[in-house]
Amino acid sequence: MALYQEQSLKMYNSMSGEKEVFEPINEGNVGMYVCGPTVYSNVHLGNCRTFISFDLVFRYLKHLGYKVRYVRNITDAGHLENDADSGEDRIAKKARLEQIEPMEVVQRYTIDFHNILQKFNNLPPSIEPTATGHIVEQIEIVKTIIEKGFAYEVNGSVYFDVKKFNETNHYGKLSGRDIENMVANTRELAAQSDKKNPQDFALWKKAEPQHIMRWPSPWSDGFPGWHLECTVMSTKYLGEEFDIHGGGMDLKFPHHECEIAQGEAATGKNPVHYWLHANMLTLNGKKMAKSTGNNILPEEIFSGNNDILDKPFSPNVTRFFMLQANYRSILDFSDEALKASEKGFNRLMDAYHAIDELPVSDKSSVDIKSWKQSCYDAMNDDFNSPILIAKLFDAVKMINNIKEEAVTIITEDKEELQKTMSAFMFDVLGLLDKVSENNDTSDKLSSTIDLLIKLRAEARNNKDFALSDQIRDQLQEMGIQLKDGKEGTTFTIKPA
């Protein structure tokens, strides 16, 4: 019997606003689609949190014994600024600014995306299709939507007719929006707009003369609307109806709402059975944004080359930090939170490695079976990783009590404890068994620099400014910048 037949998994369905028992369309098989990145810049930490959240979902479904087809797209064309129907394609804009080909931009940042997620120990998806690789299919679905009367062509562009669709369907059901209220609260369209209604969205856009990325179609040389690619790629690889669709909370409207409308218009079927949305990551209590400078890149965390953290943190510790909040909760990133996570992570790993040496008795005074089920209960409750981590720390206390001979354990229970901790720590949470080699080096380097900072402080107190300056200058030559402040001296390491 597979584990999924023994466990009752519930997940929060954004469509119903409730936790629902998960029942896949085909028993033992799961189709899951997650909106991937638009590859025009380095992947930021908020995006990483979303992909780590769905990596957790993917891992737990696999752990339960499901055969999972996980599809995550790469948006490499047709994504206009502010996700609007006008403006400039983000990738084309980056290419213009750097005077390179758009596909050079795509290649550079796709590689960065893969490298960062690999450092976070994310499993790769089963299929990772690109928007530009599915232009033909996108043109075909636009033809179908036009034939069914839910889209119209104007001056070479094609728009989805939201009001027409809403006569027989419900546009806005995922985000809880009402089309009549949306119409009432929308200003009149500008005279130059080709749309019939403000709520209509582009399925195909005619390319302006300066637009680099363009493809021939029955309507014009142009490019697909942003929402279209996900409808095409999800249904191509998972079917017209599939189990799970995931993405960031910010995609619920309009992106996912438009996906539903396109899918229903083209096939007459409800495309997705369970909608899952991950919440945002904030930095020091404020929304992360490059424009305000309230932002940090993953590599800046790993290297320590930033003005926010006192020291570098490994991808492993950063991942552990992110899993300490439920994927639907807002999570605040700070130096204090990372330090606390590092301590907790090390404590958890130390306890796990102590299991081998635990003394065994002829009877157990600990209930391993009940504890093990509590771990499953946590994950079965909408992938509640913080509760799972709390249960793992219950095991840490148990291990320490066994070590001190305050409680006893038999050999079979000890083996089950070790096996269960391994499964949840490494297979489900996706932690690595040890901090990466690079971070071991970083920890030793941090300790060495801290020692030099203390020696420098002593030299300054003794008015030996020559020695103090020598320590500072030689560290600077090695790429280690000291910063003196009210709280003491900190350091950053410049990347090699």
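Trainee: Is the crossing of α13 and α15 left-handed or right-handed?

Mentor: In this predicted model, the crossing of α13 and α15 is left-handed. The residues that make this contact are I368, W371, K372, C375, Y376 and M379 on the α13 side, and D413, E416, L417, T420, M421, F424 and V428 on the α15 side.

Trainee: At what angle do helix α13 and helix α15 pack, and how many Å apart are their axes?

Mentor: The general idea is that two packed helices are described by the angle between their axes and by the distance between those axes. Here helix α13, residues 368-380, packs with helix α15, residues 411-428, at an angle of about 15°, and their axes are 10 Å apart. Because angles under 35 degrees count as roughly parallel, α13 and α15 are roughly parallel to each other.

Trainee: Turning to the open sheet, what is the order of its four strands?

Mentor: The order of this open sheet is β4-β3-β9-β10, and its pairing is parallel. Its edge strands are β4 (67-72) and β10 (272-278), each of which pairs on one side only. On average, and with direction ignored, neighbouring strands of this sheet are turned by 20° against each other.

Trainee: How many bridges join strand β3 to strand β9?

Mentor: Strand β3, residues 29-34, and strand β9, residues 242-248, run parallel and are joined by three bridges; as for individual partners, M32 has I244 in β9 as its bridge partner.

Trainee: Which strands does helix α8 lie across?

Mentor: Helix α8, which spans residues 226-238, lies across β3, β4 and β9, and runs at about 165° to β3. Helix α9 also packs on the sheet, where α9 touches β9 and β10, and the direction of α9 makes about 160° with that of β9.

Trainee: Within α9, is H255 buried or exposed?

Mentor: H255 has its place in helix α9, residues 252-267, and because buried means under 20% relative accessible area, H255, with a relative accessible area of 1%, is buried. Not counting residues up to four places away in sequence, H255 touches C35, W226, H227 and C230.

Trainee: For comparison, how does E98 count at 30% relative accessibility?

Mentor: E98, found in helix α3 (residues 90-98), counts as partly exposed at that value of 30%. Leaving aside neighbours within four places in sequence, E98 is in contact with R108 and Y109.

Technical notes:
Residues are numbered from 1 along each chain as its sequence is written. This is a predicted model: local features need pLDDT of at least 70, side-chain atom pairs count only at pLDDT 80 or more; totals for chains, interfaces and linings use all residues. Side-chain values use heavy atoms; hydrogens and water are left out. Helices (H or I, at least four residues) and strands (E, at least two) are DSSP runs, numbered from the N terminus. Buried means under 20% relative accessible area, exposed over 50%, partly exposed in between (1.4 Å probe, protein chains only). Contact means heavy atoms within 4.5 Å. Two strands pair if DSSP finds at least two bridges between them. Axes are lines fitted to C-alpha atoms, for helices over the stretch in contact, and angles run from 0 to 180 degrees between N-to-C directions. Angles under 35 degrees count as roughly parallel, over 145 as roughly antiparallel, 65 to 115 as roughly perpendicular and the rest as oblique. A crossing is left-handed if the near helix is turned anticlockwise from the far one by less than a right angle, and right-handed if clockwise.
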